[in-house]
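Welcome, and please open the structure in your viewer. We will go from stop to stop, selecting a few residues each time and looking at what is there.

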Amino acid sequence: MNARRKTVIAALSALALALTACGGSGGSTSNSGSSSKAEFNAAMNKVFNASDKKGGTIKYADESAPDSVDPGDTYYGSQWDMIRNWGRSLTMFKVAPGDASNELVGDLADGLGKASDNAKTWTYKLRSGLKYEDGTPITSKDVKYAVERSTAKEVHPDGPAYFDTMLNWPAGWKGAYLSKGMNTDSAITTPDDLTIVFHLKAPFAGFDYLAMTPQTIPVPQAKDTGAKYKEHVISSGPYKFDSYQDAKGYVLVRNDQWDQSTDANRKALPDRIEMSMNVNAEDIDNRIIAGDLDVAVTGVGVTPATQTRVLSDPNLKSRADNPTLGRFQYVSINPTVKPFDNIECRKAVMYGMDKTAYQTAYGGEFAGGELASNLMPPVIPGQQKFNMYETPDSKGDEAKAKDALTKCGFPNGFSTNITFRTERPKEKAAAEAFQQSLAKIGIKLTPKGFPRKDYFSTYAGNPPYVVKNNLGLVVNSWGADWNDGFGFLSQIVDSRVIRDTGGSSNTSVRIPEVDKLLDQASVELDKSKREALWVEIDKKVMEQAVIYPGLWAKTLMVRGQNLTNVFVNDQYGMYDYLSLGKP
């Protein structure tokens with residue numbers, strides 16, 4: 001036991017040093033080439049229409065509203081992409097196309113973290129000269145407070161729960177508001193205004209990835225207004241809020257207190273950024289094609305109607321990009337909703353669904369993605385493909401599905417509900433595909449749409465609401481927080497991220513053995529052994545039939561007219577919103 005512990009500790013220390021060594025203080029946008037020729041996939045792995053010219057206005061639109069512009073309360077990938085315009089976290093992914101975007105660099109911090117105490121303690125040094133939009137200095141205490149407030153899930157339900165579970169909080173800690181005044185030095189210390197130290201319960205060599213999350217964007221405690229902070233987030237980045245109207249939109253203008261000399265990662269090209277919310281998805285597509293809008297901010301791709309138009313018109317196709325994503329389209333099968341507490345009822349769904357109809361709902365193989373047979377996408381290192389519920393031509397197996405229904409005590413089927421995000425026509429189409437496929441085996445589904453903004457916090461991700469309203473199936477989608485097994489799996493299969501207050505993307509996986517394997521993998525520094533554990537977790541979840549794997553996603557996006565510095569950021573799977581210009 002002691003010998004093994006020493007081996008693990010040594011490995012942790014070695015990896016921590018390696019992680020630190022591969023970092024740095026960042027750099028300006030780099031690329032593996034650039035092109036000004038409009039052609040299909042012109043913004044893939046290179047910069048399209050490169051330019052450093054400043055000025056102009058970039059117009060974005062959202063078919064719904066973001067979960068929040070508050071850095072402590074957001075978990076959509078598009079928002080993590082966008083939020084870098086007004087917020088600076090401790091670390092960030094390098095601003096570059098292709099594989100280069102997988103590299104972590106310093107942002108508020110002058111480099112990556114320094115690990116000590118066998119990777120249970122992580123220290124970051126802030127750059128000097130950092131200021132908020134009002135000219136006051138940014139200090140390490142502001143970062144500490146930002147992390148503390150993000151753990152107040154009764155107010156900020158939508159952010160990830162890494163800091164909640166991994167830091168060594170004092171006994172009884174309930175977040176910055178309910179535990180106001182409690183000493184939290186056991187979790188975070190600030191020896192001086194430019195130094196912040198995180199203290200973990202257990203070793204974790206990948207802490208620099210957590211330091212990248214928006215939850216480390218500084219928040220001045222005196223300006224924190226809780227749930228209302230989103231109405232005026234205090235900027236630490238190159239842009240600040242000129243106006244904000246909840247569910248309608250916002251305008252960003254230049255922050256004159258941002259100092260380019262402290263920030264090698266941002267070019268800050270446009271003078272103004274305008275965001276419109278709750279705009280019809282097809283209207284967004286049409287206006288981008290016409291030149292009235294520049295970017296569809298959610299990055300989920302064009303609607304099926306627009307896809308046909310784009311692929312059949314050479315001029316429009318030359319403005320399109322088709323990236324493969326670290327994203328997984330799936331349906332949660334909730335065992336808390338009867339009769340899905342019986343695994344055979346869940347297996348009936350696994351066998352009864354026509355997976356090709358699911359693919360068609362998302363736009364087919366070209367824009368929807370590859371048929372998935374398990375959780376982890378091919379872009380995750382160490383991924384293995386396996387299929388526990390194979391059916392002929394992936395079109396479902398009615399005989400096996402009905403046999404499972406008989407075993408679970410419902411030979412003639414049963415009724416339940418399936419949810420989707422109202423603003424996402426592809427999710428609605430997927431719900432309807434489930435409805436049609438499962439009707440053939442006697443399972444009667446009623447599709448129910450809910451707003452994207454509150455989908456997880458109030459409805460599909462709120463456990464009491466799920467049970468009370470018989471939400472047996474939840475159309476879901478997940479993109480890796482970062483491209484490795486932990487970054488992809490932890491927030492969708494760890495039962496400990498499920499909260500009664502809602503907000504978690506994990507609505508269905510409650511497997512203690514999986515939780516233990518996650519803990520084991522997070523401290524396993526042998527790469528091959530760690531990747532084998534991720535595959536084992538994948539298999540354990542599939543064995544329990546609590547997730548229906550749909551697609552390993554691709555998307556078809558259209559570049560706005562006259563945009564400069566356009567490229568797909570591999571980490572976000574969409575255009576890099578920090579780099580765009582439109583002079």
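Predicted model: local features only at pLDDT ≥ 70, side-chain atom pairs only at ≥ 80, totals over all residues.

**Stop 1: the disulfide**

A disulfide joins C345 to C408, with 2.2 Å from S to S. The count for the structure is one disulfide. Look at where its two ends sit: C345 belongs to helix 9 (residues 343-352), while C408 is in the loop between helix 12 (398-407) and strand 17 (415-421), so the pair ties together parts that are 63 residues apart in sequence. Turn the view to look along the S-S bond of C345 and C408: the torsion is about 85°, so the disulfide is right-handed. C345 is buried as well, with a relative accessible area of 0%.

**Stop 2: aromatic rings**

Next, show the side chains of Phe, Tyr and Trp. The structure holds 34 aromatic pairs. Start by selecting F241 and Y250: their ring centres are 5.3 Å apart and the planes stand at 70°, so this pair is edge-to-face. F241 and Y250 are both buried.

Then move to F450 and Y459. Here the ring centres lie 4.6 Å apart and the planes are at 15°, so the pair is stacked. F450 is buried, at a relative accessible area of 9%.

For a group of rings, select F93, Y162, F204, Y209, W482, F486 and W534, which form one aromatic cluster.

**Stop 3: charges over rings**

Which residue lies over the face of Y76? Select Y76 and R452 together: R452 is the one, at 4.9 Å from the ring centre. For another example, pick F386 and K539. K539 lies over the face of F386, at 5.6 Å from the ring centre.

**Stop 4: a cavity**

What kinds of residues make up the lining of the second largest cavity? Seven are nonpolar, two are polar and four are charged.

Conventions
Residues numbered from 1 in each chain as written. Heavy atoms only, no water. Disulfide = S-S within 2.5 Å. Helix = DSSP H or I, 4+ residues; strand = E, 2+ residues; numbered from the N terminus. Buried < 20%, exposed > 50% of the residue type's maximum accessible area, 1.4 Å probe, protein only. Phe/Tyr/Trp six-rings, centres within 6.5 Å; stacked < 30°, edge-to-face > 60°. Lys NZ or Arg CZ within 6 Å of the ring centre and 35° of its normal. Nonpolar A, V, L, I, M, F, W, Y, C, P; charged D, E, K, R; others polar.
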